[in-house]
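Work through these exercises with the structure open. Try each task before reading its solution.

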Amino acid sequence: MKKVIAFAGSNSQNSINKQLVTYASSLLENTEVNLLDLNNFELPVFGVDLEAEIKGQPDNAHKFLNLIRESDGILLSLAEHNGAYTAVFKNLFDWMSRIEGKTFFGKSMLLMATSPGGRGGQSVLEIAKNRFPYHDANIIETFSLPSFGDNFKDGKIVNSELNEKLSKAVNQFENQL
Ligand SMILES: Cc1cc2nc3c(=O)[nH]c(=O)nc-3n(C[C@H](O)[C@H](O)[C@H](O)COP(=O)(O)O)c2cc1C
(Lines give C-alpha, C1' and ligand atoms only; values in the text may rest on other atoms or scores of the structure.)
Protein backbone atom coordinates (compact mmCIF):
# COMPACT_ATOMS: atom_id res chain seq x y z
CA MET A 1 0.00 0.00 0.00
CA LYS A 2 1.26 3.51 -0.84
CA LYS A 3 2.04 5.83 2.06
CA VAL A 4 1.51 9.58 2.13
CA ILE A 5 2.11 12.31 4.65
CA ALA A 6 -0.52 14.99 5.23
CA PHE A 7 -0.06 18.28 7.03
CA ALA A 8 -1.13 21.90 7.26
CA GLY A 9 1.21 24.86 6.92
CA SER A 10 0.00 26.17 10.27
CA ASN A 11 0.71 25.85 13.97
CA SER A 12 -2.80 26.78 15.06
CA GLN A 13 -4.43 24.26 17.42
CA ASN A 14 -7.73 24.75 15.54
CA SER A 15 -6.18 25.09 12.11
CA ILE A 16 -8.80 25.18 9.36
CA ASN A 17 -6.12 23.95 6.96
CA LYS A 18 -5.53 20.96 9.19
CA GLN A 19 -9.27 20.28 9.08
CA LEU A 20 -9.21 20.49 5.28
CA VAL A 21 -6.17 18.26 4.88
CA THR A 22 -7.70 15.73 7.31
CA TYR A 23 -10.88 15.65 5.23
CA ALA A 24 -8.94 15.36 1.95
CA SER A 25 -6.98 12.44 3.47
CA SER A 26 -10.24 10.68 4.32
CA LEU A 27 -11.13 10.66 0.60
CA LEU A 28 -8.11 8.49 -0.25
CA GLU A 29 -9.31 4.99 -0.94
CA ASN A 30 -6.32 2.72 -0.77
CA THR A 31 -3.50 4.74 0.73
CA GLU A 32 -2.02 4.89 4.23
CA VAL A 33 -1.92 8.41 5.70
CA ASN A 34 0.47 9.80 8.30
CA LEU A 35 -1.13 13.03 9.54
CA LEU A 36 1.58 15.35 10.84
CA ASP A 37 1.37 18.47 13.00
CA LEU A 38 4.02 21.19 12.71
CA ASN A 39 3.69 21.76 16.47
CA ASN A 40 5.53 18.47 16.92
CA PHE A 41 8.52 19.77 14.93
CA GLU A 42 9.54 22.83 16.87
CA LEU A 43 12.46 24.73 15.34
CA PRO A 44 14.39 27.90 16.15
CA VAL A 45 14.01 30.78 13.71
CA PHE A 46 16.30 30.14 10.74
CA GLY A 47 19.42 32.25 10.50
CA VAL A 48 22.77 31.70 8.81
CA ASP A 49 24.60 32.69 11.99
CA LEU A 50 22.70 30.13 14.05
CA GLU A 51 23.30 27.53 11.35
CA ALA A 52 27.04 28.21 11.53
CA GLU A 53 26.98 28.15 15.32
CA ILE A 54 25.22 24.76 15.56
CA LYS A 55 27.20 23.52 12.53
CA GLY A 56 24.20 22.33 10.55
CA GLN A 57 20.47 22.07 10.96
CA PRO A 58 18.31 21.00 13.93
CA ASP A 59 17.10 17.39 14.30
CA ASN A 60 13.46 18.30 13.66
CA ALA A 61 14.32 19.65 10.19
CA HIS A 62 16.11 16.37 9.41
CA LYS A 63 13.18 14.38 10.85
CA PHE A 64 10.59 16.18 8.72
CA LEU A 65 12.71 15.92 5.60
CA ASN A 66 13.10 12.18 6.19
CA LEU A 67 9.32 11.81 6.48
CA ILE A 68 9.02 13.46 3.05
CA ARG A 69 11.80 11.27 1.63
CA GLU A 70 10.18 8.06 2.91
CA SER A 71 6.67 8.96 1.69
CA ASP A 72 5.10 8.26 -1.69
CA GLY A 73 3.28 11.59 -1.73
CA ILE A 74 2.32 14.72 0.13
CA LEU A 75 -1.05 16.30 0.95
CA LEU A 76 -0.44 19.85 2.06
CA SER A 77 -2.85 22.65 2.91
CA LEU A 78 -1.20 26.03 3.40
CA ALA A 79 -2.55 28.69 5.72
CA GLU A 80 -2.16 32.22 4.38
CA HIS A 81 -0.67 35.02 6.47
CA ASN A 82 -0.43 38.41 4.79
CA GLY A 83 -0.67 36.86 1.36
CA ALA A 84 2.16 34.39 1.91
CA TYR A 85 3.39 31.34 3.86
CA THR A 86 2.93 31.34 7.64
CA ALA A 87 6.13 31.90 9.60
CA VAL A 88 6.09 28.32 10.93
CA PHE A 89 5.88 26.78 7.47
CA LYS A 90 8.47 29.12 5.90
CA ASN A 91 10.84 28.44 8.76
CA LEU A 92 10.59 24.66 8.32
CA PHE A 93 10.93 25.04 4.54
CA ASP A 94 14.02 27.22 4.90
CA TRP A 95 15.73 24.81 7.31
CA MET A 96 14.92 21.77 5.15
CA SER A 97 16.07 23.50 1.97
CA ARG A 98 19.52 23.95 3.56
CA ILE A 99 19.79 20.18 4.03
CA GLU A 100 18.37 19.29 0.62
CA GLY A 101 17.56 21.75 -2.18
CA LYS A 102 15.35 19.11 -3.82
CA THR A 103 13.25 19.30 -0.68
CA PHE A 104 10.26 17.39 -2.07
CA PHE A 105 12.27 14.58 -3.75
CA GLY A 106 10.01 14.48 -6.82
CA LYS A 107 7.05 13.29 -4.71
CA SER A 108 3.51 13.70 -5.96
CA MET A 109 1.76 16.54 -4.18
CA LEU A 110 -1.80 17.69 -3.71
CA LEU A 111 -1.44 21.34 -2.81
CA MET A 112 -4.35 23.06 -1.08
CA ALA A 113 -5.22 26.20 0.85
CA THR A 114 -8.22 27.56 2.67
CA SER A 115 -9.08 30.73 4.53
CA PRO A 116 -12.17 32.33 6.07
CA GLY A 117 -12.24 34.85 3.21
CA GLY A 118 -13.52 34.60 -0.34
CA ARG A 119 -10.08 34.10 -1.93
CA GLY A 120 -9.44 30.86 -0.07
CA GLY A 121 -5.70 31.36 0.34
CA GLN A 122 -5.14 31.73 -3.40
CA SER A 123 -2.14 34.04 -2.90
CA VAL A 124 -0.11 31.55 -0.89
CA LEU A 125 -1.27 28.76 -3.17
CA GLU A 126 0.10 30.65 -6.17
CA ILE A 127 3.40 31.34 -4.42
CA ALA A 128 3.85 27.66 -3.56
CA LYS A 129 2.69 26.47 -6.99
CA ASN A 130 5.37 28.60 -8.63
CA ARG A 131 8.12 27.86 -6.12
CA PHE A 132 7.82 24.19 -5.12
CA PRO A 133 8.76 22.77 -8.55
CA TYR A 134 12.22 24.33 -8.07
CA HIS A 135 12.43 22.08 -5.01
CA ASP A 136 11.42 19.03 -7.03
CA ALA A 137 7.74 18.89 -6.08
CA ASN A 138 5.52 17.08 -8.56
CA ILE A 139 2.30 19.05 -8.10
CA ILE A 140 -0.52 16.88 -9.39
CA GLU A 141 -3.45 19.14 -8.45
CA THR A 142 -4.19 22.31 -6.54
CA PHE A 143 -7.37 23.12 -4.62
CA SER A 144 -8.52 26.26 -2.88
CA LEU A 145 -11.50 26.29 -0.51
CA PRO A 146 -12.92 29.83 -0.10
CA SER A 147 -15.10 31.00 2.80
CA PHE A 148 -14.21 28.07 5.05
CA GLY A 149 -16.92 28.92 7.61
CA ASP A 150 -19.66 28.62 4.97
CA ASN A 151 -18.29 25.74 2.93
CA PHE A 152 -16.94 23.37 5.59
CA LYS A 153 -19.08 21.94 8.39
CA ASP A 154 -18.86 18.89 10.68
CA GLY A 155 -15.56 17.78 9.21
CA LYS A 156 -16.50 17.98 5.55
CA ILE A 157 -17.11 20.27 2.59
CA VAL A 158 -20.83 21.05 2.36
CA ASN A 159 -20.78 22.83 -1.00
CA SER A 160 -21.34 19.98 -3.47
CA GLU A 161 -19.53 21.63 -6.39
CA LEU A 162 -16.41 22.26 -4.31
CA ASN A 163 -16.65 18.81 -2.76
CA GLU A 164 -16.74 17.24 -6.22
CA LYS A 165 -13.72 19.30 -7.26
CA LEU A 166 -11.72 18.15 -4.25
CA SER A 167 -12.78 14.51 -4.70
CA LYS A 168 -11.53 14.60 -8.31
CA ALA A 169 -8.26 16.20 -7.23
CA VAL A 170 -7.71 13.56 -4.53
CA ASN A 171 -8.49 10.85 -7.04
CA GLN A 172 -5.98 12.23 -9.56
CA PHE A 173 -3.37 12.48 -6.80
CA GLU A 174 -3.97 8.91 -5.63
CA ASN A 175 -3.69 7.61 -9.20
CA GLN A 176 -0.25 9.16 -9.51
CA LEU A 177 1.37 7.86 -6.36
C1 LIG B 1 -1.15 37.43 10.81
C2 LIG B 1 -2.32 36.96 10.00
C3 LIG B 1 -2.39 37.31 8.66
C4 LIG B 1 -3.44 36.84 7.86
N5 LIG B 1 -3.45 37.14 6.53
C6 LIG B 1 -4.39 36.59 5.74
C7 LIG B 1 -4.33 36.77 4.33
O8 LIG B 1 -3.44 37.41 3.79
N9 LIG B 1 -5.29 36.19 3.57
C10 LIG B 1 -6.28 35.43 4.13
O11 LIG B 1 -7.11 34.92 3.38
N12 LIG B 1 -6.36 35.25 5.47
C13 LIG B 1 -5.44 35.80 6.28
N14 LIG B 1 -5.48 35.59 7.63
C15 LIG B 1 -6.59 34.79 8.19
C16 LIG B 1 -6.22 33.33 8.11
O17 LIG B 1 -6.56 32.84 6.84
C18 LIG B 1 -6.96 32.56 9.21
O19 LIG B 1 -6.44 32.93 10.46
C20 LIG B 1 -6.88 31.06 9.01
O21 LIG B 1 -7.62 30.44 10.07
C22 LIG B 1 -5.44 30.58 9.00
O23 LIG B 1 -5.40 29.20 8.72
P24 LIG B 1 -5.17 28.12 9.88
O25 LIG B 1 -6.43 28.14 10.76
O26 LIG B 1 -5.02 26.84 9.15
O27 LIG B 1 -3.96 28.52 10.67
C28 LIG B 1 -4.47 36.05 8.44
C29 LIG B 1 -4.38 35.72 9.81
C30 LIG B 1 -3.33 36.15 10.57
C31 LIG B 1 -3.26 35.74 12.03
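**Exercise 1.** Which residues does Val 21 touch, not counting residues up to four places away in sequence?

Solution. This is a predicted model: local features need pLDDT of at least 70, side-chain atom pairs count only at pLDDT 80 or more, and totals for chains, interfaces and linings use all residues. Residues are numbered from 1 along each chain as its sequence is written. Touching means C-beta atoms, placed from the backbone, within 7 Å. Val 21 touches Ala 6, Phe 7, Ala 8, Leu 75, Leu 76, Ser 77 and Met 112.

**Exercise 2.** Find the order of the strands in the open sheet.

Solution. Strands are DSSP runs (E, at least two residues), numbered from the N terminus. Two strands pair if DSSP finds at least two bridges between them. The five strands run in the order 2-1-3-4-5, with parallel pairing. Strand 2 (31-35) and strand 5 (138-145) are the edges, each pairing on one side only. From one strand to the next, the twist averages 20°.

**Exercise 3.** Over how many bridges do strand 3 and strand 4 pair?

Solution. Take strand 3 (residues 73-78) and strand 4 (residues 108-114). They pair in the parallel sense over six bridges. Gly 73 stands opposite Ser 108 in strand 4.

**Exercise 4.** Which residues are closest to the ligand?

Solution. Count a residue as surrounding the ligand if its C-beta atom, placed from the backbone, lies within 6 Å. The shell holds 16 residues. Ser 10, Ser 15, Asn 17, Ala 79 and Ser 115 are the closest.

How values were computed. A residue is near a molecule or strand if its C-beta atom, placed from the backbone, lies within 6 Å of it. Two residues are in contact if their C-beta atoms, placed from the backbone, lie within 7 Å. Helices (H or I, at least four residues) and strands (E, at least two) are DSSP runs, numbered from the N terminus. Axes are lines fitted to C-alpha atoms, for helices over the stretch in contact, and angles run from 0 to 180 degrees between N-to-C directions.
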